[in-house]
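Trainee: I would like a close look at one part of this model. Please keep it brisk.

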Amino acid sequence: MEERVPAIELRHITKRFGSKVTANRDVSISVYYGEILAILGENGSGKTTLMNMISGIYYPDEGQILIGGREVVIASPKDAFGYRIGMIHQHFKL
């Protein structure tokens with residue numbers, strides 16, 4: 001059987017803001033081509049922070065981001081766009 005490669009894979013992602021706030025701690029997730037995935041959680045649980053790291057707005061303090069099985073560095077929205085990743089932010093006017 002052929003092994004499927006995730007379209008996007010996050011491995012052990014951690015993001016802190018200062019010394020007191022940890023928005024994401026050791027988050028790992030795989031999203032496969034053709035999947036539709038929802039990330040749910042309470043306000044302040046780190047959902048947007050996680051998406052901001054995939055889209056290049058934030059950079060993880062720890063962990064790896066892989067696209068199509070290759071580790072990548074997404075340091076800006078332009079980098080993310082190069083991997084065909086974009087983000088539409090939640091806003092009441094959209």
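Trainee: Does H12 count as buried, partly exposed or exposed, and at what relative accessibility?

Mentor: H12 counts as partly exposed, because its relative accessibility is 48%. Buried means under 20% relative accessible area, exposed means over 50%, and partly exposed lies in between (1.4 Å probe, protein chains only). This is a predicted model, where local features need pLDDT of at least 70, side-chain atom pairs count only at pLDDT 80 or more, and totals for chains, interfaces and linings use all residues. Residues are numbered from 1 along each chain as its sequence is written, and side-chain values use heavy atoms, with hydrogens and water left out.

Now the backbone. H12 sits in strand 1, residues 6–17. Strands are DSSP runs of E with at least two residues; helices are runs of H or I with at least four; both are numbered from the N terminus. The phi of H12 is positive, near 55°, and H12 is not a glycine. Most residues other than glycine have a negative phi.

D26 belongs to strand 2, residues 21–32. Its phi is also positive, near 55°, in a residue other than glycine. D26 counts as partly exposed because its relative accessibility is 46%.

Next, the setting. The protein chain holds 2 helices and 4 strands. From the N terminus, their order is β-β-α-β-β-α. Of the 94 residues, 27% are buried. Take contacts, meaning heavy atoms within 4.5 Å. Among those with a separation of 6 or more, 49% join residues 24 or more positions apart. The C-alpha atoms fill a box of roughly 45 × 35 × 25 Å along the principal axes.
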